[in-house]
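Take a look at the structure first, and then we will go through a few spots together.

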Amino acid sequence: MHRFCSGALLLAAAVYGVDELQLDFELNNGNLFPAVGLGIGNMQRDRIPNVLGTAMLQHGVQLIDTAMASNTDAALRDTRGLQVVTKVWYTHLGYRRTKLAVEEMLDGLNGCCAVTMLIHWPRCRDDISWMHCEEEEATLPQRYKDAGPAPAEDAWKGSWTALEEFYAAGRLKNIGISNFELPDLNELLSSCKTVPQIYQGNAWQLWFRPEVLQRLREKNVLYQAYNVVNGIVMREGAAPRAYRALADVARAKSVDVGTVVLAALKRRGVATIPRASSPQHLAANAPRPVAAVALDDDEAETIDGAMRALMSGR
């Protein structure tokens, strides 16, 4: 396994040079958070070290997104200098289960990284086809069953209390939520001691859930979008005219379509975690090329309309 240290970040800086590109957003707690990261949640674990080596050393990636359900902590534990976003799975909801899950995740990462912990889903939902609530509970390791009861409808509240405690103790750099719809989001924001720093959600919400976006803006919570590549860049067939509009801007800027999309979202104040493993996609989705794309108002409006059309298929 590759071992990276702080020297890797210095090498990356030497490769790209020092400039005034804005690579980070400032969170509501004052911490800096990379605008563009790399999603590895579904990547084969034996590929992760090589991908991280390329992403970090050659492309300046400093943020990795994964999840407890992906079991990638062992593949990350020998890295140094990265920020990691990971998430409490819905089978681990509830105060005591979440305490155990976070302790185990931090132990698995072995102090390698600054950790941002999110609640992945507020609950398991029978109406989502890939969620298998009863089966997953039945096969859960006994230590979690011993730690606390099967998650009830509002078990996420106890989980948030647990995350607040880890954050107050300085063991988590940031805390947040993922996939919360407006009712749960409102309930959390009205009762929490610590306002979330991060909200991770499907890019689709950026155009079709304005009420969620407005609520997050009120609390200065950073929106981090997933499903950008599959939901927009890879949907040329869903809206060919919209894709051509993106391609025209990308061609004028001499960059990849994906780079233009990420740049437009960054201009909008949205962080992203594109998945990439090929050399071409790692280069196109890297933080510095994205930050270097300058868009005027007309170009940004064109791209925004095209992204909305590709997301909706119209």
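N285 counts as buried, with a relative accessibility of 9% (buried means under 20% relative accessible area, exposed over 50%, partly exposed in between, with a 1.4 Å probe and protein chains only). This is a predicted model, where local features need pLDDT of at least 70, side-chain atom pairs count only at pLDDT 80 or more, and totals for chains, interfaces and linings use all residues. Residues are numbered from 1 along each chain as its sequence is written, and side-chain values use heavy atoms, leaving out hydrogens and water.

**Around N285**
- N285 sits in the loop that links α14 (279-284) and α15 (287-292); helices (H or I, at least four residues) and strands (E, at least two) are DSSP runs numbered from the N terminus.
- Setting aside neighbours within four places in sequence, N285 has contacts (heavy atoms within 4.5 Å) with V36, V229, L262, P274, R275, A276 and V290.
- From N285 to V257 the C-alpha distance is 9.9 Å, while the two are 28 residues apart in sequence.

**The sheet**
- An open, parallel sheet is built from eight strands, ordered β3-β4-β5-β6-β7-β8-β9-β10; two strands pair if DSSP finds at least two bridges between them.
- β3 (38-39) and β10 (270-272) each have a single partner strand, so one side of each lacks a neighbour in the sheet.
- Strands β7 (residues 174-178) and β8 (residues 198-202) run parallel and are joined by three bridges.
- I177 has Y199 in β8 as its bridge partner.

**Helix α2**
- In α2 (residues 48-59), the buried residues are I48, P49, V51, L52, G53, A55, M56 and H59.
- After α2 comes G60, with a positive phi near 70 degrees.
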